[in-house]
Amino acid sequence: MGQTASQSVTAAPSAPASCPIDHSANKTSSSSVPAKCPIDHNGKSAAAATPAQCPIKYEADGINPLNQMPTLSQAPAAHQAAALPTERETSSIPRDESSRWEYPSPQQFYNALVRKGWETPEEHVETMVQIHNFLNEQAWQEILKWEKRENPSDAVPHLARFKGRPGELSPKARFWLFAGWLLPARFNTEPPFDRHDWIVRRPGGQEVRYVIDYYSAPPEPDGSPVFSLDVRPALDSVGSIKQRIRAATEEVWANFREESRRNSSQGAH
């Protein structure tokens, strides 16, 4: 695994990116606010109405137990200058056998930013939502790669629930920050701008927690933002520990074979 994240992804839009996940994360280097998820996952909301397309039972305090988020209103925010779409995009991520998770609409996304106190021009919100959704899809693809190693069959796991944990560094993120402090020329010195924990339910019913650290990377020459996702099973069970060790061993051997092949090729010349 190492310092290299599971996946580096480039978002085609060049507009700034920020994140609530239905939920995921984005950031631009020009932002003057701290880079973290704009939704207050521990906050309470008095909103009682559930989204029309998301028939999930909410607790009395307005927090959805499946994502630890308050209900996000589709109504325009106070002092909002431009109308924003209220349509929600359906993801490719299964919630159960018959439904998939939905991403927040641009209006909900904007309301989350306002609720957090972030000043965001309305004209940038739709692009931010596109990047947010793109990162979620990439995170799920990384999880599917891990799950395929455990279950090569065609059975598809489900995302049972998730929680954003902005400001809470994972042990791995802390380790790489320490490495960056010791050797700044070699390792990244920037912490991840967001973290999520996703609970994945396997076909047999077993639930596995995945940790996702979101990093920003230098932008493309055309200004397109680049993000790195470090996706891996949490080290909270014997099975997940074995899974991580097996993947790390495979990576070391793959790198060793590639290096040996390169040296042999150079020696032949």
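**View A. R95 over the ring of W101.** In this predicted model, R95 lies over the face of W101, at 5.6 Å from the ring centre, where a charge counts as sitting over a ring if NZ of Lys or CZ of Arg is within 6 Å of the ring centre and within 35 degrees of the ring normal. W101 is also linked by ring pairs with F162 and W198 into a cluster.

**View B. R149 over the ring of W146.** R149 lies over the face of W146, with 4.9 Å to the ring centre.

**View C. The aromatic pair of F175 and W176.** The structure holds seven aromatic pairs, among them the edge-to-face pair of F175 and W176, at 4.8 Å centre to centre and with 75° between the planes. Rings of Phe, Tyr and Trp (its six-membered ring) pair if their centres lie within 6.5 Å, and planes under 30 degrees apart count as stacked, over 60 as edge-to-face and the rest as tilted.

View D. S105 is found in the loop between β5 (100-102) and α1 (106-116), helices (H or I, at least four residues) and strands (E, at least two) being DSSP runs numbered from the N terminus. Leaving aside neighbours within four places in sequence, S105 is in contact (heavy atoms within 4.5 Å) with Q74, P85, T86, E87 and R88.

**Notes to all views.** Residues are numbered from 1 along each chain as its sequence is written, and side-chain values use heavy atoms, with hydrogens and water left out. Because the model is predicted, local features need pLDDT of at least 70 and side-chain atom pairs count only at pLDDT 80 or more, whereas totals for chains, interfaces and linings use all residues.
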